[in-house]
Amino acid sequence: MRKLALVAVAGIVVAVGYLPVPASQEIAAAETGVAVTDNCALEAGALRFNVLLLLDSSLSLQRTDPRNARRDGLAAVVNSLASLERTWSYLNELSEFDFEINIGVDTFATGYTPHHRWQGAGAAQRDLIGRYDDITDLPTGGETTLTDYRQALSGAAWRFGQVPVEGCNLVLWFTDGEHATDGTSRDVSPEEWNQLQDLCDSDAMELLSERGVWTQAVLLTDGSPSDNPLRLLFGELLGGGGGGGVGWWA
């Protein structure tokens with residue numbers, strides 16, 4: 001649980017506004033740090049975060065995440081954000097600054113499934129008790145479930161269309177791999193590349209870009225038992241002292 005809890009620590013650091021990456025680590029997809037608040041439309045005297053916890057539920061997770069690390073990571077993030085909200089609530093009483101953290105929880109695969117409406121972090125923590133197994137359950141039997149990032153992005157755009165424009169909009173994205181809609185290969189096919197390119201001109205991408213949605217991706221891996229199954233994409237093993245995987249949808 002100590003290592004899994006570090007996922008939540010990463011989420012808190014994101015919320016505070018800065019995620020460091022080791023200077024010695026060369027990562028093409030990550031900056032050495034990003035100040036989230038520099039890219040958010042914040043009202044005077046207010047700091048609002050809308051955090052969407054988006055989990056891949058494709059059938060390949062039976063192999064890549066057999067221990068359901070995403071369940072423990074999800075719970076750790078919710079608990080830590082709720083704790084952060086309680087701390088901020090106390091600070092609210094001591095200052096004129098208003099803090100707010102809202103959480104939404106969804107999954108995606110061949111389609112998009114909303115699981116928990118936008119709700120304050122503390123209330124969400126209470127309402128999600130006992131639901132983490134159901135949220136992270138995978139399909140059984142002969143059902144084919146692929147990893148369609150188009151569903152993820154369109155669903156996220158719909159979600160962020162439900163909250164005020166003002167504030168910081170963030171996604172913590174748990175996934176085990178790449179966009180896959182034909183199931184013929186572990187590599188992205190030419191058709192799938194075309195699908196991804198079409199996303200650039202989509203209404204969903206336009207909304208996410210306008211909202212300045214900031215993403216942090218967590219890679220679910222099928223490493224040895226001694227390995228942490230949660231990794232920040234393009235970054236170090238969680239618990240190894242690194243950050244990374246920082247990017248904007250734009």
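## About the model

This is a predicted model, where local features need pLDDT of at least 70, side-chain atom pairs count only at pLDDT 80 or more, and totals for chains, interfaces and linings use all residues. Residues are numbered from 1 along each chain as its sequence is written, and side-chain values use heavy atoms, with hydrogens and water left out.

## Strands E2 and E3

Strand E2 covers residues 98–108. Strand E3 covers residues 112–120. Helices (H or I, at least four residues) and strands (E, at least two) are DSSP runs, numbered from the N terminus. E2 and E3 pair in the antiparallel sense, over six bridges. Two strands pair if DSSP finds at least two bridges between them. A hairpin of three residues links E2 to E3.

Thr-107 has Thr-113 in E3 as its bridge partner. E2 is largely enclosed by the rest of the structure, because nine of its 11 residues are buried. Buried means under 20% relative accessible area, exposed over 50%, and partly exposed in between (1.4 Å probe, protein chains only).

## Helices H6 and H8

Helix H6 spans residues 149–160, and helix H8 spans residues 203–211. They pack at an angle of about 50°, with their axes 8 Å apart. Axes are lines fitted to C-alpha atoms, for helices over the stretch in contact, and angles run from 0 to 180 degrees between N-to-C directions. H6 and H8 are therefore oblique to each other. Angles under 35 degrees count as roughly parallel, over 145 as roughly antiparallel, 65 to 115 as roughly perpendicular, and the rest as oblique.

On the H6 side, the residues that meet H8 are Leu-153, Ser-154, Ala-156, Ala-157 and Phe-160. On the H8 side stand Ala-204, Met-205, Leu-207, Leu-208 and Arg-211.

## Two buried polar residues

Asn-169 lies in strand E4 (residues 168–175). Asn-169 counts as buried because its relative accessibility is 0%. Its side chain makes a polar contact of 2.8 Å with that of Asn-50. A polar contact is a pair of N or O atoms within 3.5 Å; within protein, one must be able to donate a hydrogen and the other to accept it, and residues adjacent in sequence count only if both atoms are side-chain atoms. Beyond its neighbours within four places in sequence, Asn-169 is in contact (heavy atoms within 4.5 Å) with residues including Phe-160, Arg-211 and Trp-214.

Thr-64 sits in helix H2 (residues 61–64). Thr-64 is buried, at 5% relative accessible area.
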